[in-house]
Amino acid sequence: MKFSSRLKIPFRYFPVITLSLVLLIVLFFLFQSRVGATDKNYSALSTFFSVSRGSLFDGHLARLVTANFFHVNLGHLLSNIFGLVLFSSLMEIVLGKPRT
């Protein structure tokens with residue numbers, strides 16, 4: 001049985017967007033750890049990163065973005081990076097390189 005694939009992966013492919021997102025997520029996690037916002041300190045987590053109606057009405061619109069980069073612990077971070085690399089690398093191949 002022969003399998004054919006319409007998806008051709010370029011030999012010199014470098015997933016720019018994927019690696020940029022991974023770097024951003026890791027930097028955000030390091031900042032989060034630095035301010036003490038981990039799974040052991042839930043009040044710091046909710047103070048800095050949670051999205052609530054009150055925080056949005058108070059004008060903290062950046063929390064809509066930062067909440068997506070929040071990770072409770074290192075295991076959560078690594079598993080999400082693994083999924084991100086698998087999914088977004090494939091999406092970059094399908095959609096093509098970013099145009100500058």
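Is Leu-24 buried, exposed or partly exposed? With a relative accessible area of 43%, Leu-24 is partly exposed, where buried means under 20% relative accessible area, exposed over 50% and partly exposed in between, computed with a 1.4 Å probe on protein chains only. The views below come from a predicted model, in which local features need pLDDT of at least 70 and side-chain atom pairs count only at pLDDT 80 or more, while totals for chains, interfaces and linings use all residues. Residues are numbered from 1 along each chain as its sequence is written, and side-chain values use heavy atoms, with hydrogens and water left out.

**View 1. The whole chain, with five helices and zero strands.** Read along the sequence, the pattern is α-α-α-α-α, where helices (H or I, at least four residues) and strands (E, at least two) are DSSP runs numbered from the N terminus. Of the 100 residues of the chain, 22% count as buried. Among the contacts with a separation of 6 or more, 61% are between residues 24 or more positions apart, contact being defined as heavy atoms within 4.5 Å. The chain exposes about 7,900 Å², of which carbon and sulfur atoms supply 67%; accessible areas come from the Shrake-Rupley method with a 1.4 Å probe, and for residues only the protein chains shown count as cover.

**View 2. The largest nonpolar core, made of eight residues.** Its members are Val-22, Ile-25, Phe-28, Phe-29, Phe-69, Leu-77, Ile-81 and Leu-84. Helix H1 (16-34) and helix H5 (74-95) are the elements that give two or more residues to this core, and the largest share, four residues, comes from H1. A nonpolar core is here a set of buried Ala, Val, Leu, Ile, Met, Phe, Trp, Tyr and Cys residues joined through side-chain atoms within 4.5 Å. Ile-81 touches Val-22 and Val-26, not counting residues up to four places away in sequence. In soluble globular proteins, nonpolar side chains tend to be buried together.

**View 3. Helix H5 and its buried residues.** The 22 residues of H5 should span 32 Å at 1.5 Å a residue, and the end C-alpha atoms are 30 Å apart, which agrees; the expected span is 1.5 Å times one less than the number of residues. The buried residues of H5 are Leu-77, Ile-81, Leu-84, Ser-88, Ser-89, Glu-92 and Ile-93, and what covers them includes H1.

View 4. Pro-15 is placed in the segment before H1 and counts as buried because its relative accessibility is 15%.

**View 5. A nonpolar surface patch of about 500 Å².** Phe-14, Val-16, Ile-17, Leu-19, Leu-21 and Leu-24 make this patch. Val-16 is found in helix H1 and is partly exposed, at 39% relative accessibility. Leu-24 is also found in helix H1, and its C-alpha atom is 8.4 Å from that of Phe-69, 45 residues apart in sequence.

Note on methods: Patch = residues over 30% accessible without salt bridge, like charges linked within 9 Å, V, L, I, M, F, W, Y side chains within 5 Å. Salt bridge = Lys/Arg side-chain N within 4 Å of Asp/Glu carboxyl O.
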